[in-house]
Amino acid sequence: MNLLSLSGNLLLVSFILYLISTAFFAVATSGKKGPSKSGRIAFSLALIGFIAQLGYFFTRWAGAGHAPVSNLYEYTTFFGMMMVFGFLIVYGIYRNNVLGLIAMPVALLVIAYASMFPDEVQPLIPALQSVWLKIHVTTAALGEGILAVSFATGLLYLVHATDFSKESKTRTWLEIVFFTLICVVGYIFVGLMFKAIGSDSTIEYVAKNGATMKHEYSMPVLTGPEGGKVLSGSGAFVELPNYINANKLNTVLWSLISGLILYVVLRFVVFRKRIAETLKPIARKIDLDTADEISYRAVAIGLPVFILGGLIFAMIWAQMAWSRYWGWDPKEVWALITMLFYVFYLHMRIQRGWVGKKSAWLVVGGFAVIMFNLIFVNLVVAGLHSYA
Amino acid sequence: MMQKEFKPIDMRYEEAELRSNRRSRSSISRTIDRVWAFFSSVKVGLWLIGLIILASGVGTIFPQEMYIPQNLPPAEYYQKEYGSAGLLYYTLGFHRLFESWWYIGLITLLLLSIIIVSIDRFFPLYRALKKQPVIRTKRFMDGQRFGASASGSQDQIDGLEPLLKKKGYKVKRKDGALFAEKQRFGRYGPYINHIGLVLFFGGAMLRVVPGMHADELIWLREGDTLPIQATDSQYYLKSDAFNLEFYDPKKENAKFQEALERAGSNVPKNYETELRLYERTGTLENGKPKLEEVKSGSTEVNHPFTFGDYQVFQEQYASEPEFISMSFDIMNQKTGKPVDSIKIDLRDPKQEYDLKEGYKVELIDFFPDFVVEDGVPNTKSARLINPAYVFNITSPEHPKGERSLVGIRMNVGGDDNQYAMEFAGTEFADISGLRVKKDLTLPFLYVGGIIFMAGLIIGMYWPHRRLWVRSENGQVEIAGYTNKNALALQKEANHALTAVGLPELEDRQKLREEGETA
Ligand code: HEM
C-alpha cells in the first residue's frame, strides 16, 4: 500500500473515531453527575483519533513531498484537526464533557466539509514552495482551532442562558446559527449523494468579456447561465443573467434546500421543538461562569497564536514570495478583520464589562468571521489565495 | 454562612488616579484635558476599531483597483463587471479604499488613541504596583473577588510563606500580615503590545520619507542590460537567461497526474532569471556608461537576489517571448533562387541593408506588435511579439524598388513582385518581470512586531496573582486577586491554605450571583 492511500485510510479512521467519541460524550452528558467512565472513554477516543489524523498528515506529507496544507481540501482538514487539538487542550484543563458534545461535532463537520473539495495531491506552484508557507498556514490554523473552542462554549453559554419559552432576539438568532450549521450538514449530504449517483453537468456560455466559458456542475443544475449550451448532463431549471455566478448559486441553493428539509424534519417531526432548545438540558450541565471563563481563555490563548501565524508569519512569507508584506488582498484583509474583531472582544470584556451573553455572542461572531474567511473569501472573492 | 454584601473593587488600575479624569481650571488646559479624555476613552477606541472593521470589509466586496486587469479604464471595468453596484463602488472611491484619506485617517486616530490611552494608564498603574502596602484596608480585602475568613492563628500565616514561595510567589511580611505576589510583569503586557503596535504602524508610515523606500518593476529581456532607476541608474542589471520549467504530466510522479489534468493548463514548477549586476563607474567615449560587474547570481520566487539595501524579486514573466532577430532570404520568384539574405536585429533595426552588387533592402516601416486598425497597419504595443515590416527591395531590374508588407504568415503585395522576402529564421528571448525593492522601514516592522508579540504573550500567558493574608483578634482574613485564569489562582492558593489548615478561597462574585438567583 502506498503512503497516500495509507494516509487516506488514517483520515477515515480518525473520522470514525471522532464520531464514536462524540457518541460517548453524548452518553457521558446524559448520565447523572460525577466523573463518568464514558467521559474518559470519549476523551481517549478523541485523542487516538487525533493521533490517527496526525498519521494522516505526516504520511500525506511524505507521500506528496510537501506539507499537506496547500489547497482547500488539505487546509480545511488540517483546520478540523486543530479544532480537535484545541478542544483536547481545553478538555485537559477543564475536563468538561459537555464541551466535547459541541466541539467534536463541529470539528467533524469541518472535516466532512473538507472532503467536498478535490483531494488529489497537487504540485506546488513556485510561490507556495517556501517553508514560511508551512509555518504560516499551520500556525494560523492552530490559532483558529483554539479560537473555535470559544465558539463551542459561547454557544453552550447562550443555550444555557436563554429562556426558550419566551420570544427573544437571542432565541431567534440562536436558531439561525443552528440552521446555518444544519445547512452545512445538508450541503455535505447532497454533495456526497450526487457524487455517488453521478450528476455532473457541463454548460458552456459566453461571459461578459465575450470569452466562451464553461461551468462544471457536480449537482443537478437549478440555476444556469443565460443562453448556456448544455455540453453534458442536464440543462438549467432557471437561467440567470451573467453577472451572477450561476454555478456557485446552484451550490448555495442546494445547501439551503437540503438544510431546510433537514431542519423541518428535525424541528417538527423528530424533536418537535427548537434545535437550540433540545440542547438545553445538556447545556445546563456546564455552569455559566465556567462557559464564560473557558471562552475567554480560549481567546486569550488562541488569539496570540492566530496573530503570529495568520498575520506575522503571513507577512514574512508575503515579503519573500511577492516582495510586499502586505497587499490588501481579501484574504489578508479578512485576517486583519479577524484579529480586530477579537481585539474588540477583549477590550469590550475587560474595559466595558461585556461578560456573559454579549461576550458569548461576540465569540460566536468571531467564529463566523473565521469561517467566512475560510469558505467565502476562498470560493467567492477572487484573490491570490483562492486555491481552488 | 452568608457573606456580607460583596462590594467589588475595580482593580484594573489599582484605584489609581488617571490623567483622563483630571479637570484643570484654565480654559486652555481644560481643552487639552478634553482632547486627552477623548482619545484615552476606550469607548472611542472601540468605535474606531469597529469602523475600521466595517471599512475593511467594504474594501473586499469588489477587487481593489490594483487587482483588476489593466486593459480597461477602472470606471468602465467596475460597471461592466459588476453592474450598477460596481459603478457605485467606483464612484464612492471604494476601489482605492485602503489608500483613501479617511481610511488612513481612521488608522491614524486609532494609533493616537492607543498612544494616549497607554500613557494615561501606564504611569498611574506602574506607580501603584511599585509600592504596594502589605497591609490593606478592610474595604479593599472585602472588595476582592476571591477571599475567605476564618478563625486561625499567626502560625498558620507563617506557615503559608514557604509554601507560596515554592510556587514562585514573592512574599512580603509586615506586622504578621502576609502579601504574596507573582508575575506582576504580566500587567505590563498590554502596554508593551500597544507600544509594539505603534512602532509597527509608525514604521510602515515611514515609507513616505524620501529614501526609505524604492520600488520598481523592470521587464528584462534575455541578453539585455538595463539601468535600475531606483538606484539613480548607478546599477545595471543584465539577464543572462530566463529559465521556466513546467510540471510535466508525463514525467512527474504519478501522484500529481490527476491534479495536473484537472488544472488543464501548464502549471509552472520554477522560474528564475540568471542575473549579472553592474555598477556604473564612468562614461565611455561613445557616451555609453562604463560598467563593471559587481555580482552575479539568480533570482527565483521566494529567493530574491540581494545587493546592498536592494532586493531583486522574480515577480512575473511575459507569457509570450519576444523576437530578438529575424532572418530573411531575398528570393527571385522567377528563378526560385535566393539572391542574398539579411538578418534584422529587432532591438536595433537598420534603415537600409546593402546586399550584393545592385541589390538593396530598405526598411520603410516597422510594427513590433502588428495590427490593422481601420484598414491601416499599426502597432498595438512596443513589445516585439508580432513584428511586421514594410520593405522596399531595389534590384537591377527594379531600380525604384518593389514594396511589400511582410509579417508573420503574411506577405501583402509581394506575390506580383519579382523579388520577395522569405523567412529564414528567428531568435527569441524570454522576458522576465523583476521587482527591485528597497525598504528601510522593515527593521522597524521587525522590532515593532517582536515587541507586539512579546507584549501580547506576556499579557496573555502570565497572569498577575496576589494574595493578602492578615489576622485580627484571632480571625484570619484572606483575599486573592488575579487578572486572568481564576481557576489556577484558586488551585494554587487553596493548596497552600488547606495545607496549613485555613479555609479555601471563595468566589464571592459567584456566591452573590447564586444568592440573587436563589
Ligand atoms: C489594534 C489595536 C489594539 C490591539 C491589538 C490591542 C491589544 C490589547 C491587548 C491584547 C490587551 C490585553 C487584553 C487582555 O488582557 O484581555 C489590551 C489591553 C488594553 N487596551 Fe488595547 N489594543 C488595541 C487598541 C486599543 C485601543 C484603541 C485602546 C483604547 C483607546 C486600547 C486600550 C486598552 C486598554 C485600556 C487595555 C487594558 C490595559 C490594562 O489592563 O492595564 N487598546 N490591548
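Which residue forms a salt bridge with Arg145(B)? I looked this up before anything else. Arg145(B) pairs with Asp507(B), and their closest N and O atoms are 2.8 Å apart. I took a salt bridge as a side-chain nitrogen of Lys or Arg within 4 Å of a carboxyl oxygen of Asp or Glu. The pair links distant parts of the chain, with Arg145(B) in the loop between α5 and β1 (146-151) of chain B and Asp507(B) in strand β24 (residues 506-507), 362 residues apart. Arg145(B) is partly exposed at 27% relative accessibility. Asp507(B) is buried at 12%.

Ground rules. I am working on a predicted model, where local features need pLDDT of at least 70, side-chain atom pairs count only at pLDDT 80 or more, and totals for chains, interfaces and linings use all residues. Residues are numbered from 1 along each chain as its sequence is written, chains are lettered from A and ligands numbered from 1 in the order in which they are written, and side-chain values use heavy atoms, with hydrogens and water left out. For cover I used these classes: buried is under 20% relative accessible area, exposed is over 50%, and partly exposed is in between (1.4 Å probe, protein chains only). Helices (H or I, at least four residues) and strands (E, at least two) are DSSP runs, numbered from the N terminus.

Asp142(B) and Lys138(B) meet in one of them, at 3.3 Å, N to O. They are four residues apart in helix α5 (residues 138-142) of chain B, so about one helical turn separates them. Lys138(B) is partly exposed, at 40% relative accessibility.

I then checked Arg435(B). Its side chain meets that of Asp215(B) in a salt bridge (2.9 Å, N to O). Arg435(B) sits in strand β21 (residues 431-439) and Asp215(B) in strand β4 (residues 213-221), both of chain B, so the pair ties together parts that are 220 residues apart in sequence. Arg435(B) is buried at 18% relative accessibility. Asp215(B) is partly exposed at 39%. I also found a network: salt bridges that share partners join Asp158(B), Glu161(B), Lys165(B) and Arg173(B).

Iron site. Which protein residues are donors to the iron atom of the ligand? They are His347(A) and His194(B), each through NE2, lying 1.9 to 2.1 Å from the iron. Donors are N, O and S atoms within 2.8 Å of the metal (3.2 Å for Na, K and Ca); water is not among the atoms, so sites may look incomplete. The site is octahedral, with angles of 82 to 177 degrees among its six donor atoms. Six donors count as octahedral if opposite donors are over 155 degrees apart and all others between 65 and 115. The pair crosses between chains, from helix α11 (residues 330-352) of chain A to helix α7 (residues 189-205) of chain B. His347(A) is partly exposed at 26%. His194(B) is buried at 15%.

Surface patch. I found a nonpolar patch of about 780 Å² on chain A; among its residues are Leu260(A), Ile261(A) and Phe268(A). Patch residues have over 30% relative accessible area and no salt bridge, with nonpolar side chains (Val, Leu, Ile, Met, Phe, Trp, Tyr) joined within 5 Å and like charges within 9 Å. Areas come from the Shrake-Rupley method with a 1.4 Å probe. Ile261(A) lies in helix α7 (residues 246-270) of chain A. Ile261(A) is exposed at 53%.

Key: Tetrahedral: all angles 85-135°; square planar, octahedral: opposite > 155°, others 65-115°.
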